[in-house]
Amino acid sequence: MKTIRLLRVEFDAPLKSYEVPAFRGAVVAKVGRQHDLFHNHLDDTRYAYRYPLVQYKSLYERATLLCLDEGVDEIHKFFGQPDWALRIGARQAEQMWVHKLDLKSYDLRVEARVFRYHISNWIALNQNSYQEFNQLPTTEACYEYLERKLVGNILSMAKGLNWFIAEKVEARILDLRMPHHTKYKQNKLMDFQAAFETNVFMPNYIGLGGKVSVGYGTIKRVLD
């Protein structure tokens, strides 16, 4: 089991999903690039390959920051600014007033029961695994392949939060929609919408898979 702190800051500023990278850029410009937890870059050419502790999202079409553990401590670098005005792409937001602030602790854990989730815009595949996935002969094989990816994503998230899981992690995809092709920084990506169950309890809105920092792979629990 691993106890984490999670802070969700929803602003009253409207934000579409495609604007999330611009939202991140605006926040980074406001706090300063020296604070690398906000962007995970060591310098202009080197990237820190770690689970993002500050995640940028469009939740209910509002600009949202999701901060985990150390990221919770870092958020004062934004709130401590003289003003919270951001320029999101070509759009100037006069002030980012807080709509909702939610700070809670959660016990991440593996249980004998299963928990059901929906995951949106899940980047499950990189360039190599995309080729492998396209060569799979059956729908069942595709599900099994993605289930292995999902387990790997959960383990990567746990490791990034300093939780080293001793138990066996299981995941089963219950429903999978046709993948959607999207573009991010001139790269074409394939993302999935899926329902799944796993024996790992995770809090709402954290991300799994690729491009988590800009809102991809956001999960939400489906209550029984």
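How many residues does helix α1 have, and how far does the helix reach from its first C-alpha to its last? Helix α1 (residues 20-31) has 12 residues and reaches 17 Å between those two atoms, close to the 16 Å expected at 1.5 Å a residue. The expected span of a helix is 1.5 Å times one less than its number of residues. Helices (H or I, at least four residues) and strands (E, at least two) are DSSP runs, numbered from the N terminus.

The model is predicted; local features need pLDDT of at least 70, side-chain atom pairs count only at pLDDT 80 or more, and totals for chains, interfaces and linings use all residues. Residues are numbered from 1 along each chain as its sequence is written, and side-chain values use heavy atoms, with hydrogens and water left out.

In α1, the residues Val-20, Phe-23, Arg-24, Ala-26, Val-27, Val-28 and Val-31 are buried. Here, buried means under 20% relative accessible area, exposed over 50%, and partly exposed in between (1.4 Å probe, protein chains only). Helix α1 is followed by Gly-32, which has a positive phi near 105°. In the loop between β1 (2-14) and α1 lies Tyr-18. This tyrosine, Tyr-18, counts as exposed because its relative accessibility is 67%. Between Tyr-18 and Tyr-51 there are 21 Å in space, C-alpha to C-alpha, and the two are 33 residues apart in sequence.

Helix α5 has 22 residues, which should span 32 Å at 1.5 Å a residue; the end C-alpha atoms of α5 are 31 Å apart, in agreement with that value. The buried residues of α5 are Ala-141, Cys-142, Tyr-145, Leu-146, Glu-147, Leu-150, Val-151, Asn-153, Ile-154, Met-157 and Ala-158. For Asn-153, the relative accessible area is 15%, so the residue is buried. Leaving aside neighbours within four places in sequence, Asn-153 is in contact with Trp-122, Leu-208 and Gly-209, where contact means heavy atoms within 4.5 Å. Gly-160 also lies in α5, but is partly exposed, with a relative accessible area of 30%. Gly-160 and Met-190 are 30 residues apart in sequence, and their C-alpha atoms are 24 Å apart in space. Just after α5, Asn-162 takes a positive phi of about 60°.

Two packed helices are described by the angle between their axes and the distance between the axes. Helix α4 (residues 127-134) packs with helix α5 (residues 139-160) at an angle of about 155°, and their axes are 10 Å apart. Helix α4 is therefore roughly antiparallel to α5. Axes are lines fitted to C-alpha atoms, for helices over the stretch in contact, and angles run from 0 to 180 degrees between N-to-C directions. Angles under 35 degrees count as roughly parallel, over 145 as roughly antiparallel, 65 to 115 as roughly perpendicular and the rest as oblique. The contact is made by Ser-129, Glu-132 and Phe-133 of α4 and by Cys-142, Tyr-145, Leu-146 and Lys-149 of α5. By class, this contact has 4 nonpolar, 1 polar and 2 charged residues. Ala, Val, Leu, Ile, Met, Phe, Trp, Tyr, Cys and Pro count as nonpolar, Asp, Glu, Lys and Arg as charged, and the others, Gly among them, as polar.

At 16% relative accessibility, Asp-69 counts as buried. With 36% relative accessibility, Lys-211 counts as partly exposed.
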